[in-house]
Amino acid sequence: MNLNKLLRKNIKNLVPYSSARDEFSGDGKVFLDANENPFNAPYNRYPDPLQKMLKRKISDIKGVSREQIFLGNGSDEPIDLLIRAFCEPETDNIVTIDPTYGMYQVAANINNVAIRKVSLSPGFVLDPMNVLHAVDLHTKLIFLCSPNNPSGNNLSRSAMLHIVRNFKGIVVVDEAYIDFSPGNSLLSDLQTHQNLVILQTLSKAWGLAGIRLGMAFAAPEIVAVLNKIKYPYNLNILTQQKALELLENKTVVENWVSTLISERKRVSEELEKLDIVQKINPSDANFLLVAVNNAPDLYQKLIKLGIVVRDRSKVHLCADCLRITIGSPEENDLLLKALKTF
Ligand code: PMP
């Protein structure tokens with residue numbers, strides 16, 4: 001892969017903004033470099049633009065080097081930055097699977113970049129050849145999502161790696177739900193594949209959707225590109241502090257995940273017993289895609305009881321499907337009790 005050839009010319013030539021904190025290194029005592037207010041510590045200071053402490057911790061947990069980590073305002077930030085860095089508006093395109101997470105399309109639309117959608121096979125299975133056939137000379141990025149949203153299943157590891165090996169651009173594998181599917185991450189393949197970007201997030205298993213922290217793992221050259229074009233202080237101090245706190249406490253997260261995985265099994269088994277349920281797609285995530293009799297009607301009935309699920313019935317391959325997040329045992333009981341009355 002030739003990164004310079006893939007990059008947009010204006011991004012390759014860009015001189016990035018250099019902040020006061022970027023230029024300083026060493027043991028400063030008196031900070032008169034950033035026009036900050038000296039009062040109201042620690043929030044008076046700009047945050048570390050490259051989040052060094054947080055990256056050190058994430059590097060230990062994930063077994064990747066700090067130079068392979070980009071941190072953003074949710075994974076939505078690296079999704080947008082990747083498209084902005086590599087895709088020339090009105091010329092280049094991205095390829096995604098269908099159905100999948102909606103932000104790849106929205107980010108492409110915002111950037112005026114075309115999107116080519118490749119249908120998954122029945123059962124939401126990835127056929128790597130179909131994806132590679134959709135690629136043309138202007139395809140810069142392929143987005144895969146495993147476990148996939150909204151289907152919930154893992155994509156085949158060998159199918160994804162086949163695409164990574166045979167595509168000359170960048171393959172982004174969104175692993176937002178990977179903690180619910182141990183052993184299936186492509187993180188261990190990062191060293192051998194310079195064109196692989198893996199997205200993970202603290203929004204799901206880590207229970208921190210509110211602080212907005214997404215991670216992109218990739219070759220240092222790709223991480224450097226994302227750092228070059230991000231807002232200088234994209235992660236605020238509160239987010240960095242709170243993330244560090246939870247990352248120190250991994251066992252809490254492991255307990256949440258094992259509760260959610262056993263609840264996923266229980267909810268699935270209970271749903272199977274209901275007449276209104278037609279099919280439950282096997283899930284490796286913290287949600288179930290469930291085909292029911294008349295999804296929009298059931299959705300409205302649940303709303304009337306104050307229970308909000310996601311109506312996915314208009315989505316490709318998801319006719320009459322609701323996407324149901326696995327909640328706490330009490331929340332799941334409320335859902336199941338309500339469904340039994342319909
Ligand atoms: N990727 C996938 C597949 C998702 O489903 C979501 C959220 N629904 C995200 C990314 C967004 O994650 P974040 O909160 O880190 O922006």
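How much area do domain 1 and domain 2 bury between them, and what share of it is on carbon and sulfur atoms? In this predicted model, the two domains bury about 1,700 Å² between them, with 66% of that area on carbon and sulfur atoms.

Let's start with the layout. The protein chain is split into domain 1, covering 3–248, and domain 2, covering 251–339. Taken over C-alpha atoms, their centres are 29 Å apart. Where the domains meet, 22 residues of domain 1 contact 20 residues of domain 2. Three residues of domain 1 deserve a look here: Phe124, Pro150 and Phe180 supply 35% of the area that domain 1 buries against domain 2, more than any other three residues. The side of domain 1 that touches domain 2 holds 10 nonpolar, 10 polar and two charged residues. Between the domains there are zero salt bridges, while five residue pairs are in polar contact.

Now for the ligand. It is surrounded by 13 residues, and the closest are Ser75, Asp174, Tyr177, Thr201 and Ser203. Sorted by class, this shell has four nonpolar, five polar and four charged residues. The table gives some distances from polar side-chain atoms to the ligand.

| Residue | Ligand atom | Distance |
|---|---|---|
| Thr201 | oxygen | 2.6 Å |
| Ser203 | oxygen | 2.6 Å |
| Lys204 | nitrogen | 3.1 Å |

How much of the ligand's area does the protein bury? Taken alone, the ligand exposes 400 Å², and the protein buries 91% of that.

Methods: Residues numbered from 1 in each chain as written. Predicted model: local features only at pLDDT ≥ 70, side-chain atom pairs only at ≥ 80, totals over all residues. Heavy atoms only, no water. Near = heavy atom within 4 Å. Polar contact = N/O pair within 3.5 Å; in protein donor to acceptor, adjacent residues only side chain to side chain. Areas by Shrake-Rupley, 256 points an atom, 1.4 Å probe, with all protein chains shown as cover. Nonpolar A, V, L, I, M, F, W, Y, C, P; charged D, E, K, R; others polar. Domains from an automatic or database assignment. Contact = heavy atoms within 4.5 Å. Buried area = accessible area lost by both parts, 1.4 Å probe. Salt bridge = Lys/Arg side-chain N within 4 Å of Asp/Glu carboxyl O.
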